[in-house]
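Subject: Handover of a structure and notes on it

Dear colleague,

Please find the structure below for your records. My notes follow it, and I would be grateful if you read them with the structure open.

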Amino acid sequence: MPTVVLLDSSLSMTRPVSVEGSEEFQRKNLAVHGLTMLFEHMATNYRLEFTSLVAFSSLWELLVPFSRDYNTLQEALNNLEDYDKTCLEAALQGVSNVVQQEWGTSCPCQVVLVTDGALGIGRGSLRHSLQTVKQRVDDKKFPLPFPFPSKLYVMCIANAEELQATDSMDNLEQLINLNGGEGQIYTMEGPLCLKSVQSMFGKLIDQAYSPFHAVLRCGNLTSDVQVFPRPEPVTIDEEVDPIPKTVQTEGDEIGTGATDDTEEETSTNQMAGKSPNFCVLLHGSLKVEGMVALVQLGPDWFGMLYSQADSKKKSNLMMSLFDPGSEPLPWLGRMSQLGPASDAAENPYGEDDSKSPFPIQPKHKRSYAQNVTVWIKASGLQTDVQKILRNAKKLPEKTQTFYKELNRLRKAALAFGFWELLKSVAELLERECTLLPDSAHPDAAFQLSHAAQQLKLASSGDSKYAVFEQNITPMLTDFSGGGGADRI
Amino acid sequence: MLTTFSRAGLANVTPAIYLKCLFYFPQSLCRRTGLRMFSVSHKTAFVVDHCPYMAESSRQLIECDMLTKSRSQGVIPLAPVSKSLWTCAIECSMEYCRILFDVYPTWKLVNYIVSDSEVHILNSWKQEDQNTHELMAALAAVGPPNPRQDPECCSVLHGLVAAVESLCKITEYQHESRTTLMDTADRVANRGRIICLTNAKSDTHVRMLEDCVLETIQEQNKRAAGSDRLMPIQQCELVLVHIYPQGEETLVSDRQKKEVLSSMLSSEVHSVRAGRYLASKLNVLVQQHFDLASTTITNIPMKEEQHANTSANYDVELLHHRDAHMEFIKSGDLHMAGSTSRDSGLKETVTLKWCTPRTNSVELHYCTGAYRISPVDVNSRPSSCLTNFLLNGRSVLLEQPRKSGSKVISHMLSSHGGEIFLHVLNSTRSTLEDPPSISEGCGGRVTDYRITDFGEFMRENRLTPFPDSMIDAAGRTPVERAKSQLERYTRYWPMIISQTTIFNMQAVVPLANLIVKDTLTDEDVLTCQKTVYNLVDMERKSDPLPISTVGSRGKGPKRDEQYRIMWNELETLVKAHVGTSERHQRVLECISACRSKPPEEEERKKRGRKREDKEDKTEKNGKDTEEKGWTTDSERLKGVMEREKDEQSECEIIKDSPDSPEPLNKKPRLATEEQQPPEKSKGPVSLLTLWTNRITQANSRKHQEFAGRLSSVNNKAELYQHLKEENGMDVHENGKATR
């Protein structure tokens, strides 16, 4: 989940904090200190996370575009300048643009707003923005909620009492509410000092940036893993099951850490690289075999593991999560019903690996996979009538197709209560019979008049002749013998 | 293959291990279709008016005698046919159901009711009743309305009452959820929609119908409160569609905005002319009711039958869940993406361009969602060409037309198991770009993983679907059986080639394949025993074993030592399964009985060798380690190790430790020694020691060579030649005698 750090660089951030010691800090210094701590944590535990830095006052500026280079971020932080007043709305709009340009609207992002809680005065202040939030025209909408899934964390370089003295806290809370409640406000406890800013950012790190450690298990083969990015809880149904599902957290203990950890510190990394790891084995085999492994993440929650290579041929183990539920992929069927292939009476993959039990076919074919009849457009009906007439001209060679098309039309006409059509087609067939050339096979005339008669009977609604499942069968004639289609 | 994945307590994780072991986590593959399972769209009751007035003609004429032009002049063309109001209502409602069942094969249920002087309920809420074929058959049995029936006793009211009663009936899904939720069963809601297709007399008539529905709901809710199989209706949407013939003025005013009649009931009225107006109205309704959106695939090249050399371009419109357009909707790109109003209604469609598939490669795209589709014009030629193409296993990438001219692939059409899905592809920058290679992580530098063997293992553990009733004697579901099979199969499974001997031996395969099984037959036991006998035979013939020789420059361990290692490993494997059954036990017994040396003899020999060792060590310290180093068992080995340590300290400098991984054919065989013999109580020798041992040997080459080695034949030098000359065989005897 990429992060945007939105740092208040208005003049009020340069206010000194009263400390008893000799050193004098500005609020800005505290903010920089906290962010440094965050960046250090990311550089160690979240090296693959993209972070960008935006500074704002009355204007906003993208100081560092999304990057994994935490040195650059740190440098920009250290060279921060001071500007004029706080104008949050424009800055949030800026964040929204920056994120959408880079990641589109489907990628979840975290926005960390660092401010002293002095949210401006008059036009452009947060108070003013919030008061006018309902009177906006379409193109000047308030940037929250962000169009992408987001969490907004507000880090206040101020303590709660200070914020509650003004309406700052209320305004910030309103801001979180506008973002669909997605986010949190952090304030400093006790005096404004390095220690309390550390503890505040520590809380943020625990909440939003704790690495996700897990154990991957395949029978007795195991491996400790870190999952990146961290899987977030999912709500399946706000009504029936309002508690968000999390990836299984119960301490399912297994003997981990079996590698020699008696080695010296310095060689630890090398040893880790050199002692066999199940992930590498699994990845290698998945890659060679072109297979994926199902992975269970909790009750009724599954995903899959596979090898994914990038353009540079570097490959790694990738995990995709399915929707929580018992049947996340319809073509796999119910997950709980997947069992070992060796239990099946016959190898479902075939002796020579030529078959597969997947995909599971649905019980009923979809409309496009069966020959459905739709006459909503006149052309649909005309095409079906023409098909019958075309085959009628080629009787008796096309006897089977002729009756197949005829019966399809008959079924639909009966279902739609469209008896008039049956009569009309019967007349067409009778006329076709009279127009037969002298050279025509005698069977053609018999079949045409037989079909016409049967359609007429069906159109009478007589329960004997209008049964839906009953088909009109070719008339057995002296000529037809074993069936018209067999003859040339 | 099934693996489980659970989160571990943090305390259990050693930081060195997961440092680079990362998984990547693209968004979920299939997205849900809404946050409420039991929304209004869970149940749809269709009520179609079957009264005599519905037999009236829609007055939309269809020419079905199209061939007159090419015919002889004298033929009088047949009069065009026209559909009745009833026929129009039926085919449009069937189209509604067709789209619904295509996009939502489960969870969204239809109950179809026909009303005249009585009520005909054509199906139930059961999932198996949810298909158009069954409905068509039932409709054929009802037939068109009888114009001669007494209009006084016919009314659509009967149907509306039945629809309300039916909405109170619990569906399988509601029942299942209520059963699983137990105490919180009241979270399962009961909502529904009634779509009534009728020909109303006036606005007052419409009002009367609405009032009747409201009253019935109140009445039925009271009844439902006291029943297990019924549920009170919390919310009901009534959609009245008034159908009138073309060319007539409507008697009912349109009221498309939902009007709230009570907390339970809202109502809307659509006044529509029969024929294609009705069809497009219901098409719009199905999209509104089920959150659908439309995509038009444009520029589909198709060969014409008449002109096989040229191809014309066609468009096909598809419906699907609107989440497939989420990216367009959110970014406000909907209009930019070529969205236009189509003739099929007032709705919008997003145009995406066909990209001719180049290869048929099975590629895993970065897909963020997959949604079922239904073609709007299902049996038109372009539609069926496209769907057949996809059903035959091909995929089509779809391009988003952009003004700037840059090409962005945003979607993909592909089928799985006879169903076509519109896949949403990630077209923006991915947060997963440039991931590190797995070889940079933990265990990434090890080169002799048993990749092929694990591939075979995975194939043996592949999953297959079992019927719902398949629960074994122990009450385990198939997935639980799969997990327990994995557990059995991995009880002894060395991950790298140099850790194992038996899995590198073809001769062991029959036993290794059988012993992991849950149950063994007598025949299986026999096969295992044969394998053991075969191994005994091999040992007798002194066949070479695939034991690694890395770390020693000579041939590696002696033959009898090799077999001892092999037998130990085989015992380890079988012991891991000995508890499974009595027959497994018999296999172990067979090995114990057959394996090369009875323990006593072994013991004696051991001690004898130990003596030799000591003499070796004292007399020719540091000399020809590789000759003797691996010839005896653990205690001897220990001695060697000690000596090696001495050597090591003497050599002191361990210079270059090469960074490059060892080639596969030069694996550190010593690991086998180190890991296998279970009786080695002194703890394993670390890889580092083994490595330094090797380096030491390499370095020793830089020293002046020993006299013995210089005079050796085949790298073998006879030792104690002087003693032999003096005492003959005494040394050996002495060795024994001292004991």
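**Strands of chain B**

Strand 12 (residues 292-303) and strand 15 of chain B run parallel and are joined by five bridges. Strands, here and below, are DSSP runs of E with at least two residues, while helices are runs of H or I with at least four residues, and both are numbered from the N terminus. Two strands are said to pair if DSSP finds at least two bridges between them. Within strand 15 of chain B, Thr349(B) stands opposite Ser294(B).

Please note that this is a predicted model, in which local features need pLDDT of at least 70 and side-chain atom pairs count only at pLDDT 80 or more, whereas totals for chains, interfaces and linings use all residues. Residues are numbered from 1 along each chain as its sequence is written, chains are lettered from A and ligands numbered from 1 in the order in which they are written, and side-chain values use heavy atoms, with hydrogens and water left out.

Strand 15 of chain B also meets strand 17 (residues 396-400) of chain B, in the antiparallel sense, through three bridges. There, Leu398(B) in strand 17 is the bridge partner of Trp354(B). Strand 15 covers residues 348-355 of chain B, and six of its eight residues are buried. Buried means under 20% relative accessible area, exposed means over 50%, and partly exposed lies in between (1.4 Å probe, protein chains only).

A further parallel pair in chain B consists of strand 8 (residues 191-198) and strand 9, with eight bridges between them. Val239(B) in strand 9 is the bridge partner of Ile195(B). Strand 9 (residues 235-244) is mostly covered, with nine of its 10 residues buried.

**Helices of chain B**

Helix 15 of chain B has 13 residues, 582-594, and reaches 18 Å from its first C-alpha to its last, close to the 18 Å expected at 1.5 Å a residue. The expected span is 1.5 Å times one less than the number of residues. The buried residues of this helix are His584(B), Val587(B), Leu588(B), Cys590(B) and Ile591(B). Seen down the axis of helix 15 of chain B, these residues fall within an arc of 155 degrees, so they line one face of the helix. The arc is that of the directions from the helix axis to the C-beta atoms. As background, an α-helix has 3.6 residues a turn, so residues three or four places apart point the same way.

The face of helix 15 turned away from the buried side carries the exposed residues Glu582(B) and Ala593(B). What covers the buried residues includes helix 12 (509-515), helix 13 (522-541) and helix 14 (559-575) of chain B. At the start of helix 15, a side-chain oxygen of Ser581(B) comes to within 3.2 Å of the backbone nitrogen of Arg583(B).

Helix 11 (residues 478-489) of chain B has 12 residues, which should span 16 Å at 1.5 Å a residue; its end C-alpha atoms are 16 Å apart, which agrees. Nine of the 12 residues of helix 11 are buried, among them Pro478(B), Arg481(B), Leu486(B) and Tyr489(B).

**A loop residue of chain B**

Pro77(B) lies in the loop between strand 4 (57-62) and strand 5 (81-84) of chain B. With 44% relative accessibility, Pro77(B) counts as partly exposed. Its C-alpha atom is separated by 36 Å from that of Asn309(B), 232 residues apart along the chain.

**Chain A in detail**

Where does Thr3(A) have its place? Thr3(A) is in strand 1 (residues 3-8) of chain A, and is buried, with a relative accessible area of 0%. The side chains of Thr3(A) and Tyr209(A) are joined by a polar contact of 2.7 Å. (A polar contact is a pair of N or O atoms within 3.5 Å; within protein, one must be able to donate a hydrogen and the other to accept it, and residues adjacent in sequence count only if both atoms are side-chain atoms.) Leaving aside residues up to four places away in sequence, Thr3(A) touches several residues, including Met42(A), Phe50(A) and Phe66(A).

Chain A has 13 helices and 14 strands, and 53% of its 488 residues count as buried. Chain B comes to 23 helices and 20 strands, with 52% of its 739 residues buried.

Yours sincerely

Key:
Contact means heavy atoms within 4.5 Å.
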